Amino acid sequence: MTRHSNGSARTHSSTFAPTARTPIKHKIRRRGSIDVVDAKVAVDLATAQSYSENVFLFVPNLIGYTRVILAGLSLHFMSYHPRYCTLLYGISCLLDAVDGQAARALGQTSKFGAVLDMVTDRCTTSCLLCYLSSVYPNYALLFQFLIALDFSSHYMHMYSSLVTGSRSHKLVTSDVSRILWYYYNDSRTLFFICAGNELFFVSLYLMKWIQTPISASLPSPLVLHLPALLLSLTWPAVMAILTFSVCLTKNVINVVQLWKASKILVGVDLAERAAARERDSTVKPEKED
């Protein structure tokens with residue numbers, strides 16, 4: 001396999017050994033801009049991969065497994081030890097910015113790694129939102145909506161990318177959506193919005209545990225110059241206020257992503273139906289002849 005800098009992997013026919021019964025050329029077909037590999041061939045390749053190039057053991061994927069373990073440990077401590085929980089959750093989220101850089105630096109980008117990264121992000125955030133639903137029962141419906149929006153928008157976006165032959169769900173062109181193009185193609189914007197979104201939810205989590213107002217931790221001269229309303233807030237509450245707009249932006253992007261993916265899928269349906277009608281119209285005259 002040849003790895004590309006955009007995180008995709010192109011499969012060439014020379015990678016496979018043809019057999020007498022099943023020529024490999026029948027196992028690879030073109031779809032849009034990607035090579036489509038037969039599922040059985042892919043399973044056999046994954047089973048027989050060597051230790052020197054085992055995709056499961058790529059460094060960025062090992063980082064991904066570490067993220068999953070850290071997230072699991074943070075969930076274990078979530079209900080009774082906020083310090084450990086926040087530390088483990090934070091490290092897991094920060095590693096999200098490391099695995100992609102490691103993949104590009106080591107030439108170990110892979111489709112498996114990209115999906116592992118996305119699934120870990122979705123599951124980690126959803127687990128935290130589930131806990132927040134129990135902490136703030138009056139807002140449980142809102143948290144459930146955010147979980148549903150996050151999963152549905154990313155699933156439909158990923159599927160629409162596959163059916164249109166894109167090599168990566170991050171390869172969004174500006175003519176499809178300028179918002180998604182800027183979000184996915186500017187690494188600083190992507191990191192800032194994702195980090196701010198997680199910080200907002202972590203702040204809500206810490207608000208359950210920290211009740212001490214910030215006035216207790218500030219020097220007296222500074223306290224005299226700050227408004228009483230601000231001094232009555234806790235540090236997690238201040239952080240939640242600062243990151244709320246980022247969280248809102250992230251979910252607006254999720255709505256845009258869901259809507260654009262829906263339109264793409266409907267467009268593909270219409271194109272396929274038109275092609276089917278065209279085929280039927282050419283077959284009928286032949287039968288009559």
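Tyr 131 counts as buried, because its relative accessibility is 15%; buried here means under 20% relative accessible area, exposed over 50%, and partly exposed in between, using a 1.4 Å probe and protein chains only. You are looking at a predicted model, in which local features need pLDDT of at least 70, side-chain atom pairs count only at pLDDT 80 or more, and totals for chains, interfaces and linings use all residues. Residues are numbered from 1 along each chain as its sequence is written, and side-chain values use heavy atoms, with hydrogens and water left out.

Let us start with the rings. The structure holds nine aromatic pairs. Rings of Phe, Tyr and Trp (its six-membered ring) pair if their centres lie within 6.5 Å; planes under 30 degrees apart count as stacked, over 60 as edge-to-face and the rest as tilted. Two of the pairs are shown here.

| Pair | Centre to centre | Angle between planes | Kind |
|---|---|---|---|
| Phe 77 and Tyr 80 | 5.8 Å | 55° | tilted |
| Tyr 131 and Tyr 205 | 5.7 Å | 65° | edge-to-face |

Tyr 131 lies in helix α5 (residues 111-135) and Tyr 205 in helix α8 (residues 187-207), so their pair ties together parts that are 74 residues apart in sequence. Helices are DSSP runs (H or I, at least four residues), numbered from the N terminus. Tyr 205 is buried as well, at 2% relative accessible area.

In the other pair, Phe 77 is buried at 19% relative accessibility, while Tyr 80 is partly exposed at 47%. Ring pairs also bring in Tyr 84, forming a cluster with Phe 77 and Tyr 80.

Now for the helices. Two packed helices are described by the angle between their axes and the distance between the axes. Axes are lines fitted to C-alpha atoms, for helices over the stretch in contact, and angles run from 0 to 180 degrees between N-to-C directions. The axes of α5 and α8 come within 10 Å and cross at roughly 30°, so these helices are roughly parallel (under 35 degrees; over 145 is roughly antiparallel, 65 to 115 roughly perpendicular and the rest oblique). Their contact, meaning heavy atoms within 4.5 Å, includes Tyr 131 of α5 and Tyr 205 of α8.

How do α2 and α4 run relative to each other, roughly parallel or roughly antiparallel? The axes of α2 (residues 59-77) and α4 (residues 96-106) come within 8 Å and cross at roughly 165°, and the two helices are therefore roughly antiparallel. Among the residues that meet here are Ile 63 and Arg 67 in α2 and Ala 102 and Leu 106 in α4.
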